[in-house]
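Morning, everyone. I have one structure to show today.

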Amino acid sequence: MSMTFSGQVALVTGAGAGIGRATALAFARQGLKVVVADLDPVAGQSTVDLLHQAGGEALFVACDVTKDAEVRQLHERVIEVYGRLDYAFNNAGIEIEKGRLAEGSEAEFDAIMGVNVKGVWLCMKYQLPLLVAQGGGAIVNTASVAGLGAAPKMSIYAASKHAVIGLTKSAAIEYAKKRIRVNAVCPAVIDTDMFRRAYEADPRKAEFAAAMHPVGRIGKVDEVASAVLYLCSDGAAFTTGHSLAVDGGATAI
Ligand code: NAD
């Protein structure tokens with residue numbers, strides 16, 4: 001089955017790197033116009049350059065997803081430039097913890113919850129009215145396998161990703177009759193800068209990361225991108241409120 005899309009415009013947050021960049025590129029390769037949103041203007045613009053090199057149409061908008069005014073302006077800009085929004089991948093996220101729960105700080109808690117939970121909530125707050133007005137669309141949020149179970153030494157991150165799944169399921173039910181589907185992807189360890197920051201300093205950790213997955217390796221950004229595109233595609237028309245593990249079998253153990 002080839003993926004088909006009835007819409008034309010996709011928005012990706014955290015598109016300056018990793019999973020977001022790969023998904024922006026995958027949308028562009030399907031012929032969609034892509035709005036690349038990221039906190040980091042250099043990274044965001046280099047994603048746009050990549051999309052242009054691939055023959056795609058793309059626009060960069062600088063946005064900190066933790067700021068209501070910036071998220072509102074991002075969505076105003078999407079409508080100003082492209083006149084519509086069909087698919088949104090709310091993917092910007094961070095992880096900064098180093099220890100067990102009691103070693104965490106209030107600043108870490110606020111930072112992780114701010115990007116991972118408030119950011120996804122704010123994005124959907126501005127996306128859903130646009131999709132309702134247009135008569136439908138699809139949203140995919142980035143959760144994690146840490147949203148499906150425990151994540152030792154990543155307790156705040158795990159709480160934030162469980163919250164993303166709560167937001168996803170609730171929005172899916174609230175907007176199901178409006179022809180809007182809301183799903184989440186739950187990657188396990190994926191080879192991105194986030195992974196390298198957390199694991200690469202210690203080769204034993206990197207080996208352990210590969211062994212966590214029954215397939216014997218960590219995942220690739222394109223493997224998450226294809227799951228996101230599937231969830232946005234017409235092939236997933238009967239799928240909403242779902243959290244799709246992209247995890248090499250990790251959560252099947
Ligand atoms: P990454 O660090 O490689 O890229 C994240 C991007 O988000 C960066 O370009 C960064 O500038 C941007 N960003 C950070 N804070 C932002 C903010 N406040 N507003 C807008 N943009 C912001 O990360 P990644 O590994 O590609 O992760 C993407 C998503 O996937 C995150 O939500 C992460 O929690 C999730 N995830 C990653 C993994 C993994 O192993 N890499 C596993 C499970 C889930």
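**The ligand and the cysteines**

V65 uses a backbone N or O atom here, and that atom lies 3.0 Å from a nitrogen atom of the ligand. Keep in mind that this is a predicted model. L39 also contributes through its backbone: a polar atom there is 3.2 Å from a nitrogen atom of the ligand. R197 works from its side chain. An N or O atom of that R197 side chain is 2.9 Å from an oxygen atom of the ligand. How much of the ligand does the protein bury? Taken alone, the ligand exposes 830 Å², and 92% of that is buried by the protein.

Now the shell. The ligand is surrounded by 29 residues. D38, N91, Y157, I190 and T192 are the closest. By class, count 15 nonpolar, 8 polar and 6 charged residues in that shell. Three helices, α1 (18–29), α5 (155–174) and α6 (193–200), each supply at least two shell residues. Which element gives the most? That is α6, with 3 residues.

On to the cysteines. Searching the whole structure turns up 0 disulfides. C63 is in none, and its nearest cysteine sulfur, in C123, is 6.2 Å away. The cut-off for a disulfide is 2.5 Å between the sulfurs. C63 is also buried, at a relative accessible area of 4%.

Terms used: Residues numbered from 1 in each chain as written. Predicted model: local features only at pLDDT ≥ 70, side-chain atom pairs only at ≥ 80, totals over all residues. Heavy atoms only, no water. Near = heavy atom within 4 Å. Polar contact = N/O pair within 3.5 Å; in protein donor to acceptor, adjacent residues only side chain to side chain. Areas by Shrake-Rupley, 256 points an atom, 1.4 Å probe, with all protein chains shown as cover. Helix = DSSP H or I, 4+ residues; strand = E, 2+ residues; numbered from the N terminus. Nonpolar A, V, L, I, M, F, W, Y, C, P; charged D, E, K, R; others polar. Buried < 20%, exposed > 50% of the residue type's maximum accessible area, 1.4 Å probe, protein only.
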